[in-house]
Amino acid sequence: MTKADPQAQQKARLQLEAVSLEIDGRPILRELELSVAFHRMGVLGRNGSGKSTLSRLISGLVTPSAGRALLNGADMAADRRAALSEVGILFQNPDHQIIFPTVLEEVSFGLAQQGRKQRDAEAEARATLERFGKAHWAEVAVATLSQGQKHLVCLMSVVAMAPRVLVLDEPFAGLDLPTKMQLRRALGQFPGALIHVSHDPEDIADCDVCLWLDAGRLVEAGEGARVGAAYLEAMRKLGAGDDLSDLSG
Ligand SMILES: Nc1ncnc2c1ncn2[C@@H]1O[C@H](COP(=O)(O)OP(=O)(O)OP(=O)(O)O)[C@@H](O)[C@H]1O
């Protein structure tokens with residue numbers, strides 16, 4: 001991911017204090033312990049390792065079964081309204097995010113939720129569409145867009161709310177190369193802190209910090225390039241083997 005102008009770089013702090021999460025008695029995240037400041041954080045892990053669950057937990061959409069998760073010192077699950085300005089999440093599947101018929105309504109919604117008058121929310125939403133070169137999408141029915149285009153609508157919706165931290169769950173999934181390049185540039189200019197979830201170390205190559213999850217456990221956390229390289233080597237070893245029991249899940 002392209003780095004933002006260092007002058008404009010804003011950092012965030014993520015604290016995970018003995019965080020565990022069980023769903024229906026099954027451990028999904030296990031005793032995660034971390035305190036780190038970052039501008040760009042990558043979260044790497046294989047399918048089913050717990051990356052999406054961790055992003056929801058950091059964003060306050062799920063509460064841990066044990067322990068505490070703090071973003072910039074605050075528990076996002078405790079005050080949902082305050083969390084709207086603190087953290088924005090882009091889900092892996094746009095169909096889990098989109099609720100309104102047109103692009104303008106979708107992008108305006110979060111802004112109105114933040115307390116803006118409808119007219120101001122729509123003006124800000126139009127300005128965001130303009131910034132992404134998509135002013136002509138305002139009245140378009142979301143249902144008529146492709147999956148990649150819907151992904152972009154979701155991204156514009158969260159960016160419009162200007163949260164201090166943006167959590168992106170596989171933002172490049174299903175995007176064609178030019179769209180991915182444009183999106184990468186747009187994200188590079190996002191002045192706030194960013195958490196980027198991916199299974200591909202190349203996607204998060206420029207992150208200053210990287211977490212590596214495996215089966216709900218933190219394998220490593222530290223300098224982005226170092227953790228990314230260690231992850232890649234481990235994945236290549238697994239990929240070179242013939243043992244099908246190594247397949248994720
Ligand atoms: N609501 C849920 N109910 C039951 N199990 C769940 C639920 N959400 C996640 N899980 C399980 O938790 C584990 C981690 O899932 P998660 O989606 O967080 O992984 P991931 O690393 O994001 O995977 P992928 O890369 O495939 O998207 C999986 O085994 C999944 O089946």
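Modeller: By class, the shell around the ligand holds two nonpolar, nine polar and one charged residues. Nonpolar means Ala, Val, Leu, Ile, Met, Phe, Trp, Tyr, Cys and Pro; charged means Asp, Glu, Lys and Arg; the others, Gly among them, are polar. This is a predicted model: local features need pLDDT of at least 70, side-chain atom pairs count only at pLDDT 80 or more, and totals for chains, interfaces and linings use all residues. Numbering runs from 1 along each chain as its sequence is written.

Biologist: Which helix gives the most to the shell around the ligand?

Modeller: Helix α1, residues 51-58, with three residues. Helices are DSSP runs of H or I, at least four residues, and strands are runs of E, at least two, numbered from the N terminus.

Biologist: Switching topic. How much of strand β8 is buried?

Modeller: Five of the six residues of β8 (209-214) are buried, so the strand is largely enclosed by the rest of the structure. Buried means 20 or more other C-beta atoms, placed from the backbone, within 10 Å of the residue's own.

Biologist: Which strands pair with β8, and in what sense?

Modeller: β3 (40-45) pairs with β8 in the parallel sense over five bridges. β9 (217-223) runs antiparallel to β8, joined by six bridges. Pairing needs at least two DSSP bridges between the strands.

Biologist: What about bridge partners for M41 and L213?

Modeller: M41 has V209 in β8. L213 has L218 in β9.

Biologist: And which residue in the hairpin of β8 and β9 takes a positive phi?

Modeller: A215, near 50 degrees; the hairpin has two residues between its strands.

Methods. Buried ≥ 20, exposed ≤ 12 C-beta atoms within 10 Å, placed from the backbone.
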